[in-house]
Amino acid sequence: MSCLIGIDVESISDIKAAVLKHERFIDRILTAKEKKQLQSRKGDAYYAYIAGRYSAKEAYAKATGYGISKHAFFTDIQIIDNQFGAPEISVFGKSMVKNAKNYRVSISHKIKLDLVATEVLIEVNDGNSNS
């Protein structure tokens with residue numbers, strides 16, 4: 001087994017500016033389930049949520065080496081908080097990694113520092129006996 005790792009850091013205020021400037025930004029970035037979860041956020045938490053999802057999807061694209069748009073698409077990657085508030089990632093369509101065994105995501109927000117940092121780990125079954 002091998003692991004693919006992607007890391008990304010974003011400015012929450014930059015994402016907020018993009019949301020306010022581009023009418024369809026949220027629709028291009030978030031899935032329907034993510035948008036439903038977003039509805040419960042207010043104020044700074046609203047934009048931190050969007051920034052976290054955007055950053056995590058960028059980290060996913062970095063982990064795969066595909067980048068966004070050639071093989072990975074924002075709405076093929078979904079990150080939903082579970083019942084404990086921890087984000088869980090699901091991947092669909094062309095964005096899936098061949099032989100991926102497990103996907104993990106970590107999202108850290110520091111609203112006062114205007115920062116979100118994310119990490120994505122993809123475990124890939126590559127046939128090695130160490131899995």
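Which strand holds Leu-115? Select Leu-115: strand E5, residues 115–124. Helices (H or I, at least four residues) and strands (E, at least two) are DSSP runs, numbered from the N terminus.

Before moving on, note that this is a predicted model, where local features need pLDDT of at least 70, side-chain atom pairs count only at pLDDT 80 or more, and totals for chains, interfaces and linings use all residues. Residues are numbered from 1 along each chain as its sequence is written, and side-chain values use heavy atoms, with hydrogens and water left out.

**Stop 1: a surface patch**

Stay on Leu-115. Its relative accessibility is 31%, so it counts as partly exposed. Buried means under 20% relative accessible area, exposed over 50%, and partly exposed in between (1.4 Å probe, protein chains only). With Leu-115 they make a nonpolar surface patch, about 280 Å² of accessible area together. Patch members have over 30% relative accessible area and no salt bridge; nonpolar side chains (Val, Leu, Ile, Met, Phe, Trp, Tyr) are joined within 5 Å, like charges within 9 Å. Areas come from the Shrake-Rupley method with a 1.4 Å probe; for residues, only the protein chains shown count as cover.

**Stop 2: the rings**

The whole structure holds 4 aromatic pairs. Select Tyr-46 and Tyr-47, an edge-to-face pair with 5.0 Å between centres and 80° between planes. Rings of Phe, Tyr and Trp (its six-membered ring) pair if their centres lie within 6.5 Å; planes under 30 degrees apart are stacked, over 60 edge-to-face, the rest tilted. Tyr-46 is partly exposed because its relative accessibility is 23%. Tyr-47, at 16%, is buried.

Next, pick Tyr-54 and Phe-74. They are stacked, 5.3 Å centre to centre, with 25° between the planes. This pair links distant parts of the chain: Tyr-54 sits in helix H4 (residues 44–64), Phe-74 in the loop between H4 and strand E2 (77–81), 20 residues apart.

**Stop 3: charges in helix H4**

Select Glu-58, in helix H4. Glu-58 is buried yet has no salt bridge; Lys-62, the nearest side chain of opposite charge, is 5.3 Å away. A salt bridge needs a Lys or Arg side-chain nitrogen within 4 Å of an Asp or Glu carboxyl oxygen. Beyond four places in sequence, Glu-58 touches Asp-8, Glu-10, Ile-68 and Phe-74. Contact means heavy atoms within 4.5 Å.

Finish on Lys-57, also in helix H4. It is buried, at 0% relative accessible area. Its contacts beyond four places in sequence include Glu-34, Ile-68 and Phe-74.

Conventions
Lys, Arg positive; Asp, Glu negative; His and termini not counted.
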